[in-house]
Amino acid sequence: MRQSITALNTGRDWMDRERDFHARFHPDEIRVEMDPLVRLMNDRRDVLNRCLTRIEAAGRLPRVCLYLLAARGIEPAHSCDAARDYALKEGWQISTLQVFTDRFGVTDPLLRPGWSAVRHQIRAGFVDGVVTLTHSVISPHLDEYELQLALVEKHGEFVALVTPETAGTTS
């Protein structure tokens with residue numbers, strides 16, 4: 001059975017432990033670690049799919065808020081339009097009061113008032129998920145991003161990205 005993001009945050013899953021055990025007794029084998037962005041993308045999509053299935057089974061549309069970053073005090077109109085278009089294309093409900101923006105600069109999401117408001121909306125059950133442009137809007141640091149995914153998943157909700165984690169990366 002697949003481990004949740006929360007379980008990944010607290011330690012390594014059974015496959016990781018088995019791989020480590022195998023590596024200890026077969027040191028000459030070449031091993032390739034999975035790209036952390038691919039792992040996070042897969043985990044995020046699994047959570048998203050589970051949430052959407054649960055919401056659909058309840059006979060309602062997902063309710064989402066939008067989360068954006070503003071650079072140099074300029075309202076991120078294009079980012080907002082892209083996130084809104086993505087949510088509407090998916091058939092999700094968005095309230096005009098459900099758009100949260102932080103100014104670009106502070107990297108720790110826990111210190112941002114907009115992201116804190118998003119997490120409050122999720123904890124209070126006002127929204128089922130949050131739509132943002134890229135993972136780096138939440139945090140450019142993968143450990144912080146993974147923690148935020150875990151916090152959202154803990155409340156049974158999801159993060160949707162307009163541009164997936166691996167877009168633009170070269171392999």
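User: Helices are DSSP runs of H or I with at least four residues, strands are DSSP runs of E with at least two, and both are numbered from the N terminus. What span does helix α7 (residues 142–154) reach from its first C-alpha to its last?
Analyst: This is a predicted model, in which local features need pLDDT of at least 70, side-chain atom pairs count only at pLDDT 80 or more, and totals for chains, interfaces and linings use all residues. Residues are numbered from 1 along each chain as its sequence is written, and side-chain values use heavy atoms, without hydrogens or water. The expected span of a helix is 1.5 Å times one less than its number of residues. Helix α7 has 13 residues, for which 18 Å is expected, and its reach is close to that value, at 18 Å.

User: Which element of the protein chain has the highest mean pLDDT?
Analyst: The pLDDT is the predictor's confidence in each residue, from 0 to 100. The chain has a mean of 86, and 87% of its residues reach 70 or more. Helix α1 (residues 5–10) has the lowest mean among the elements, 48, whereas the highest, 97, belongs to β4.

User: Within what arc do the buried residues of α3 fall, seen down its axis?
Analyst: Buried means under 20% relative accessible area, exposed over 50%, and partly exposed in between, with a 1.4 Å probe and protein chains only. The buried residues of α3 include Leu37, Leu40, Val47 and Ile55, whereas Thr53, Glu56 and Ala57 are exposed on the other side. The arc is that of the directions from the helix axis to the C-beta atoms. The buried residues line one face of α3 because they fall within an arc of 165°.

User: Which residues of α4 (residues 77–90) are exposed?
Analyst: In α4, Cys80, Ala83, Tyr86 and Ala87 are buried. These residues lie on the same side of α4 because they cover an arc of only 130° around the axis. The exposed residues are on the other side of α4: His78 and Lys89.

User: How many residues does the second, separate core have?
Analyst: A nonpolar core is a set of buried Ala, Val, Leu, Ile, Met, Phe, Trp, Tyr and Cys residues joined through side-chain atoms within 4.5 Å. The largest such core has 17 residues, and Val130 is one of those that touch the most other members. Elements that each supply at least two residues of this core include β1 (63–70), α5 (113–123) and α7. The second core, which includes Val47, Cys80, Tyr86 and Val131, has 15 residues.

User: Is Gln98 buried or exposed?
Analyst: Gln98 lies in strand β2 (residues 93–103). Its side chain joins that of Gln121 in a polar contact of 3.3 Å. Because its relative accessible area is 13%, Gln98 counts as buried.

User: How far is Ser136 from Glu165 in space, C-alpha to C-alpha?
Analyst: Ser136 is found in helix α6, and its side chain makes a polar contact of 2.9 Å with the side chain of Thr134. Ser136 and Glu165 are 29 residues apart in sequence, and in space their C-alpha atoms are separated by 8.5 Å.

Key. Polar contact = N/O pair within 3.5 Å; in protein donor to acceptor, adjacent residues only side chain to side chain.
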